[in-house]
Amino acid sequence: MFGFALMGAIEYLESGELSALGFLTHAFCTRRGGVSRAPYDGLNVGDLVGDREEDLLRNLNLVKDAFAIPDGRLILMRQVHGDRIHVIDEEGPLPERLLECDGLTTDRTGVALGIRTADCVPLFFVDRTRRVIGAAHSGWRGTALGIAARMVATLAERFSSRPEDLLAVIGPAIGPCCYEVDAPVLAAFSAMPDAGLFSRPCLQKDRWMLDLALANRLQIREAGVPSENIFSAGLCTACRQDLFFSHRAAGGRAGRQISLIMLSEGGCIKKCLTSGNSWV
Ligand SMILES: [Zn+2]
């Protein structure tokens, strides 16, 4: 179950199952609540999209303030559509520069893992027993490389997480209604036996509609996470440009929304300002 909530001026989507855990803060932020101007209006956090630097910094500060993220503890990535996952454990230092990777995981409290997307799939992972979290950026390349399965494996190797203890949450991304791909993209999935489940041919020759969220769900299930532990927002970024940035729908000139997850020291900091969440 997913619902919209407000933190300050920031409107975000949250998973009821993650909120119920009580030991973390998480948000799939929408584009609403920031200061950027069109076509990056308003809560753009993308630094390479052409937005004004001062607006980007203000937006990031709004996010840190709204979700009570300590100074220097919002960890973002230089996402490169790969499958590398960086582990932030208790002993190691926090990264000081943007790391070239597409996944982050940590068992440290007060460290927020951030993903920036505008159609690609943001993924959260939570080991509810060992209290470890992961965040991954999974576009078609990352999905074809298997970054979601790699996250399950990394959590097992580094934190002894068992797949059955994991919850996985798939955030808003471009849906099978809008994500048309060509033959080279489809070919990247040819090694996956269930590719027929998440792709279907268009009327137009050599074109297919791809369901990236479903591809990730199947991959996470294949990695051992029970189906009932995998939750998908089911919202299409291209259909809902009123809520989200969509690179495809905006013809390439789009901002990036942020999805963040953080283990919190004193339990969940949630202070929902809406009179009642609208669950979808
Ligand atoms: Zn759509």
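Three strands make up an open sheet in the order β13-β15-β14, with antiparallel pairing. β13 and β14 (199-201) stand at its edges, each with a single partner strand, so one side of each has no neighbour in the sheet. On average, neighbouring strands of this sheet are turned by 40° against each other, direction ignored. The model described here is predicted. Within the sheet, β13 and strand β15 (residues 207-210) are joined in the antiparallel sense over three bridges. One of the residues involved is Val181, whose bridge partner in β15 is Trp208.

A further open sheet contains six strands, in the order β6-β8-β11-β10-β12-β16, and its pairing is mixed. The edge strands are β6 (85-88) and β16, each of which pairs on one side only. Strands of a sheet pair through backbone hydrogen bonds, in either a parallel or an antiparallel sense.

Strand β11 (residues 132-138) lies between β8 and β10 in the strand order of this sheet. Strand β8 (residues 103-106) pairs with β11 in the antiparallel sense over four bridges, and Leu104 has Ala135 of β11 as its bridge partner. Strand β10 (residues 121-127) also pairs with β11 in the antiparallel sense, over seven bridges. In that pairing, the bridge partner of Phe125 is Gly134 of β11. β10 and β11 form a hairpin with four residues between the strands, where Arg131 takes a positive phi near 55°.

The burial of β11 was examined next. Seven of the seven residues of this strand are buried. In a regular strand, the side chains alternate between the two faces of the sheet. Both faces of β11 are covered: one side carries Val132, Gly134, Ala136 and Ser138, the other carries Ile133, Ala135 and His137, and all of these residues are buried.

Cys177 is partly exposed, with a relative accessible area of 47%, while Cys236 is buried, with a relative accessible area of 8%.

Helix packing was considered last. Two packed helices are described by the angle between their axes and by the distance between those axes. For helix α4 (residues 147-159) and helix α7 (residues 212-222), the axes come within 8 Å and cross at roughly 30°. This angle makes α4 roughly parallel to α7. The crossing in which α4 passes α7 is right-handed.

Conventions:
Residues are numbered from 1 along each chain as its sequence is written. This is a predicted model: local features need pLDDT of at least 70, side-chain atom pairs count only at pLDDT 80 or more; totals for chains, interfaces and linings use all residues. Side-chain values use heavy atoms; hydrogens and water are left out. Buried means under 20% relative accessible area, exposed over 50%, partly exposed in between (1.4 Å probe, protein chains only). Helices (H or I, at least four residues) and strands (E, at least two) are DSSP runs, numbered from the N terminus. Two strands pair if DSSP finds at least two bridges between them. Axes are lines fitted to C-alpha atoms, for helices over the stretch in contact, and angles run from 0 to 180 degrees between N-to-C directions. Angles under 35 degrees count as roughly parallel, over 145 as roughly antiparallel, 65 to 115 as roughly perpendicular and the rest as oblique. A crossing is left-handed if the near helix is turned anticlockwise from the far one by less than a right angle, and right-handed if clockwise.
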